[in-house]
Amino acid sequence: MARSTSKDAQALFHSLRSAYVATPSSLKIIDLYVGFAVFTAIIQVVYMAVVGSFPFNSFLSGVLSCVGTAVLAVCLRIQVNKENKEFKDLPPERAFADFVLCNLVLHLVIMNFLG
Amino acid sequence: MTRSHAVFLVLILAISICEAASIFQPISDSYRSAALDLFKPVDGSFASLEETYEALRTFEILGINKKPDVSTATCGTVAKALGSLSSTPKDLFDALRVNSILKCKINAEVFEGIISRLQAAVSGASSLLDFYYSIGSLGLIKDQTSKADLYLSDAEGIFRSIKALSQSDGRWRYSSNNPESSTFAAGIALEALARVVSLASSEVDQSMIGTVKNDILKLFDSIEKYDDGAFYFDEKVVNVPEHSGPLSTSSSVVRGLTAFTTVATGSLNLPGDKILGLAKFFLGIGIPGDAKDFFNQIDSLACLESNRVSIPLILSLPSTVVSLTKKENLMVKVNTVLGSKAPSLTVKLVRAYSTSSKDTSIIENKELSFDPERVVYFLDALPDSVDVGSYIFVFKVVLHDSEHKDVYVTGTLTHVQIFMTGLIKTGNAEIAVLDNDLGSIETQRKLDLAGENAVSLSANHLQKLRLSFQLTTPRGSAFKPHQAFLKLRHETKVEHVFLVRNSGKKFEITLDFLGLVEKLFYLSGKYDIQLTVGDAVMENSLLSDIGYVDLDLPEAPEKAPRPPPQAVDPYSRYGPKAEISHIFRAPEKRPPQELSLTFSGLILLPFIGFLIGLIRLGVNLKNFPTSSVPATFAILFHVGIAAVLLLYVLFWLKLDLFTTLKTLSFLGVFLMFVGHRILSHLASASSKLKSA
C-alpha cells in the first residue's frame with residue numbers, strides 16, 4: 001500500500017513536471033516571480049516571529065508588498081495564459097501595463113505606510 | 001522678642017506720622033550730597049556745556065566746596081565753542097554761561113567777533129528762542145567783559161518784536177507762525193526782555209514795561225494749586241516738544257519773573273501767597289532723581305531767594321513728635337528756601353487744638369521764645385491741658401521790621417500736626433480665674449505689665465478668666481489706646497484674639513469658657529496668654545507674654561468644627577517648589593543588530609533564487625526592439641519606472657506626500673505616454689507575427 005502510494009506520488013509528480021515543461025516560458029517567469037515574492041514574505045514573517053512585531057507598520061508593509069505583488073503577478077498570469085478563453089481578446093501587453101500600474105499604486109501606499 | 005516687636009511698632013508709627021504731616025523743609029545737607037551724586041563728570045568734564053552749566057550753577061547755589069574740578073577740560077571746550085564760526089547762538093549762550101562761573105581766559109578779539117555776529121543774529125531773529133539765545137549771549141558778554149559800551153542798536157524795536165509774540169492770557173508763542181502759546185515760552189520771553197532792558201542804551205519806555213508787568217499778572221492768574229498750598233505752572237497744550245512738566249514750566253516762569261523784576265523799575269503787585277506757594281511747590285518735590293530736575297529746582301529756589309517781589313520764608317519743624325515724658329520743647333524754625341537765616345521776627349502760636357475736638361482750643365495766642373544760639377523758636381512750657389495725643393498747631397510769623405513786610409512773604413497761618421507722646425502708666429493689672437455660677441474668685445494673680453510675667457493658671461469649661469488693667473497718661477487722665485488685644489495661643493498654634501474693652505479708666509475682659517468651647521474647637525491643654533497694647537502716642541507700647549492657662553475642656557462631640565489648618569509658613573511659600581520629574585515612555589525593545597542584518601541578507605536569497613531560475617529558463621532579451629525609435633521608447637519606459645521607484649524611496653526617506661504626488665503626476669503622465677507607445681509597438685509586432 002505504502003509503496004504504491006509513493007509510486008503514485010512519484011507518477012503524479014512526473015506527470016506534473018512533464019505537463020509543466022509544456023508551459024510557455026513567459027508563464028514560467030511569472031511563476032518564478034511569484035515564488036520569489038512569497039519566499040521573501042515568508043522570511044519576513046519568520047523574522048517577526050523571532051523578534052516580535054514592534055514596528056508593526058513596517059512589518060505589515062513589507063509582507064503586504066510581497067503578498068500584493070504576488071497576487072498581482074497571479075492576475076497577470078491568468079490574463080496572459082492563452083488557455084484562458086475568457087481573456088482571449090486581451091493582448092498580453094495590455095495586461096502587463098495593468099500589472100505595472102497596479103504595482104506602482106500598491107507601492108505608493110506601501111511606502112506611505114512604511115514609516 | 002517682645003521688645004523688638006514693640007520697637008518695630010513704634011518705628012512703623014513714626015514713619016506713618018512723618019508721611020502724614022505735610023510741612024515743607026528748606027534745602028538741607030541731604031541736597032548737597034545728592035547734588036554730588038547726580039552731577040558726576042566723566043573723564044574730567046560733563047557731557048555737554050549745558051549740563052556743565054547746570055552742574056556748576058547747582059554747586060554754586062548750594063555752596064559746595066568739594067566739587068569735582070572740571071575747569072581745565074571745560075575751559076578748552078568753552079574756548080573752542082567761542083572761537084568756532086559754526087557755533088549757533090545756543091552754543092555760544094551755553095559756553096558763555098559756563099564761562100560766567102568758571103571765568104576762563106578768553107581773548108578780547110574772540111568776543112569782538114562774536115559780538116558782531118550776535119548783533120546780526122538779533123536783528124535777523126524771528127523766533128523767540130533766536131532772540132533768547134542771541135540776546136542772552138550779548139548780556140553775558142557784557143557781564144564778563146569790561147565793555148560798558150555794548151548796547152543793542154534798536155532795543156525798543158527788539159522789545160516790541162518779542163512783545164508781539166505774547167498772548168492776551170500772559171503766555172507766549174515761540175514764533176509768529178506758530179499759533180500755540182506756552183507758559184514755558186513766557187518764562188523765556190521774560191528773561192529775554194529783561195536782557196533787552198539791561199542792554200538798552202537809553203531807558204526803555206515805561207508804558208511798554210507796564211504792559212509786560214500786566215502780562216505777568218495775567219500769567220499768574222493761570223497758576224494752579226495743590227491742596228497743601230503749593231502753587232505751580234503747567235503747560236495747557238499737550239504737544240509741546242521737550243519742556244512739558246510742571247517743574248520745568250514753573251522753573252522757567254520763576255527765572256523769567258526774577259530776571260524781569262530785577263531790571264524793571266517800580267513794584268509788581270503779585271500776591272505773596274502765590275510766590276510762597278511756588279516755593280512750597282519746589283520744596284515739596286523732595287530730592288529729584290534727575291539732574292535736569294534737580295537743577296531746575298535749586299535754580300528756581302535761588303531765584304525766589306533773591307527776587308525783588310517777595311522773598312518767601314518757610315516755617316518748618318525739626319520734629320513733629322514731642323515727648324511729654326522727656327519734657328521736650330516744641331521747636332520751630334523759620335528760614336529762607338535755601339536754609340539761610342531769616343530777619344528778626346516773632347513766631348506766634350495762634351491756637352492749638354486736638355484733632356478729635358476742633359472747637360476747643362487748648363492754647364491760644366502764645367508767643368514762642370527765641371533761642372539765638374540754635375536759631376530756633378520754642379514753646380517753653382506746655383500747659384497741663386496738653387496731654388498725649390495728636391494736635392493741630394496753628395503758627396503765624398510776624399516780622400518785626402515793617403520794611404521787611406514788603407520784602408518777605410511768610411504766609412498767613414501754618415497748620416502743623418503735632419504728636420504729643422508719653423509713657424503710659426499701667427496699673428492694677430491682674431488676672432483671675434472665676435467660678436461660673438457664683439462669680440467667686442478661685443485664683444488671682446497680680447501682674448506687672450511693664451516687666452516679666454510667668455503666670456500659670458488652670459481652669460475648666462465651667463469657669464471664667466478675667467484680665468483687667470488700668471492705663472493713665474502722664475497727666476493722670478484715662479488713656480484709650482488704638483489697640484488692646486488679648487491673644488490665646490494653643491499648643492497646636494491655633495490662635496484666638498479677643499478685643500479688650502474699657503469702661504472709663506479700667507480695661508477688662510472676661511472669657512466665659514462655657515460659651516467659648518466651640519470657638520476653641522474643644523482643644524484642651526496649655527494656652528499661652530499674650531497682651532498687646534499699642535498706640536502712636538504711647539512710648540511704651542507693649543506686647544507682653546503673661547503666662548499660660550491650662551484649660552480642661554469637654555470632649556468634642558461628633559459634629560464639632562475642626563480647627564482650621566494652620567497657615568503655611570510665609571517664608572516657605574516663596575521657597576523653591578519640588579522639582580517636576582517627567583515620565584517618558586520606555587523605548588520598545590529592539591532585537592540585536594546582528595539578527596536584523598542576518599535577515600536582511602536572507603531576504604536576498606529568494607532574489608538570487610529568482611535570478612538563477614531565470615537563467616535556468618534561458619530568458620533572453622531577443623524581443624527587445626531593434627529599430628532606434630521603439631528602442632528609445634523602451635529604454636525610456638524602463639528609466640521611467642526606475643524613476644518612479646526612486647521617487648518612492650525618496651518619499652520614504654525625506655519627501656512629504658504633497659511633493660511626492662506632484663512629482664509623481666508628471667512622471668506618471670510621462671510613463672503612460674512612453675509605456676503606451678512601446679507596448680502598442682510590441683502588440684502590433686506580435687499580431688503581425690501571428691498573422692504571418
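Biologist: How far apart are the end C-alpha atoms over residues 631-651 of chain B?

Modeller: This is a predicted model, in which local features need pLDDT of at least 70 and side-chain atom pairs count only at pLDDT 80 or more, while totals for chains, interfaces and linings use all residues. Residues are numbered from 1 along each chain as its sequence is written, chains are lettered from A and ligands numbered from 1 in the order in which they are written, and side-chain values use heavy atoms, leaving out hydrogens and water. Over residues 631-651 of chain B the chain is 100% helix and 0% strand, where helices (H or I, at least four residues) and strands (E, at least two) are DSSP runs, numbered from the N terminus. The end C-alpha atoms of this stretch are separated by 30 Å.

Biologist: Which residues of chain B does UniProt list as "transmembrane region"?

Modeller: The UniProt positions follow the numbering used here, with shortened feature names, and annotations may be inferred rather than shown by experiment. In the model, residues 597-619 of chain B are 91% helix and 0% strand, with end C-alpha atoms 32 Å apart. The unreviewed UniProt entry lists, for chain B, residues 597-619, 631-651 and 657-679.

Biologist: How are helix α4 of chain A and helix α18 of chain B oriented, roughly parallel or roughly antiparallel?

Modeller: The axes of α4 (residues 92-114) of chain A and α18 (residues 628-653) of chain B come within 8 Å and cross at roughly 15 degrees. Axes are lines fitted to C-alpha atoms, for helices over the stretch in contact, and angles run from 0 to 180 degrees between N-to-C directions. Angles under 35 degrees count as roughly parallel, over 145 as roughly antiparallel, 65 to 115 as roughly perpendicular and the rest as oblique. The angle therefore makes α4(A) and α18(B) roughly parallel.

Biologist: How many nonpolar residues are in the contact of α4(A) with α18(B)?

Modeller: Contact means heavy atoms within 4.5 Å; among the residues involved are F96(A) and L104(A) of α4(A), and F637(B) and W652(B) of α18(B). Ala, Val, Leu, Ile, Met, Phe, Trp, Tyr, Cys and Pro count as nonpolar, Asp, Glu, Lys and Arg as charged, and the others, Gly among them, as polar. With two polar and no charged residues besides, the nonpolar count is 14.

Biologist: Which handedness has the crossing of α2(A) and α3(A), left or right?

Modeller: Helix α2 (residues 25-51) and helix α3 (residues 56-80) of chain A pack at about 160 degrees, with axes 9 Å apart, and are therefore roughly antiparallel. A crossing is left-handed if the near helix is turned anticlockwise from the far one by less than a right angle, and right-handed if clockwise. The crossing of α2(A) and α3(A) is left-handed.

Biologist: What is the torsion about the S-S bond of C75(B) and C104(B)?

Modeller: A disulfide (a pair of cysteine sulfur atoms within 2.5 Å) joins C75(B) to C104(B), with S to S 1.9 Å. The disulfide is left-handed because its torsion is about -85 degrees.
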